[in-house]
Amino acid sequence: MEKILVVDDDYDIRKALEICLCDLGYSPIIAKDSKDVINGHHYEVVDLVITDYQMPWPDGLVLTEFFKKINIPVIVMSADWDIEGKVLSLSGSFLKKPFDGTELKELIEKLLKGGDKNECC
C-alpha cells in the first residue's frame, strides 16, 4: 500500500484528505506543518507528498524543492490559483482548493505510475 504524506496547517483539510486517501486505498501520514516533516523525517517512508502552498515557513514550495531533490513526487494545493505556474515550474503538481476527490485520485495515480509530473487539476 502506497504511503502518502499530507502536510497542511488546516486541521479540516488534513482530516478530509486523510479520509479521502483511506477511501482510495492509500496509507496517509499526516503532518501539521513543514517543520514536522523535516524534523520528523517522515519523508523517508513515503511514495508521494500532498502539501498546502500557504503555511508558516517553510511553505509548500520549499517542501516541493526538498522532495524534488530526493525524487518523491509532490502535489501542491492552494486556493490561490495564481500560483499554479510557479508550482508547475518547480516540477510539482498543482491541485486547486477546494479539491474534487476524482481529480485528486487521477493525479495521484498518474504520479505514482510515473506519468507526467507537471499536472494541474
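How many helices and strands does the protein chain have? Then please look closely at the loop between helix H3 (60-69) and strand S4 (74-78).

A: Happy to! This is a predicted model, where local features need pLDDT of at least 70, side-chain atom pairs count only at pLDDT 80 or more, and totals for chains, interfaces and linings use all residues. Residues are numbered from 1 along each chain as its sequence is written, and side-chain values use heavy atoms, leaving out hydrogens and water.

The protein chain has five helices and five strands, taken as DSSP runs numbered from the N terminus (helices: H or I, at least four residues; strands: E, at least two). Starting at the N terminus, their order is β-α-β-α-β-α-β-α-β-α.

Now to your loop. Asn 71 sits there, between helix H3 (60-69) and strand S4 (74-78). Although Asn 71 is not a glycine, its phi is positive, about 60°. Its relative accessible area is 66%, so Asn 71 is exposed (exposed is over 50%, buried under 20%, partly exposed in between, with a 1.4 Å probe and protein chains only).

Phe 66 is partly exposed at 26%, whereas Phe 67 is buried at 0%. Rings of Phe, Tyr and Trp (its six-membered ring) pair if their centres lie within 6.5 Å, with planes under 30 degrees apart stacked, over 60 edge-to-face and the rest tilted. That rule gives one aromatic pair. The ring centres of Phe 66 and Phe 67 are 5.2 Å apart and their planes stand at 85°, so the pair is edge-to-face.
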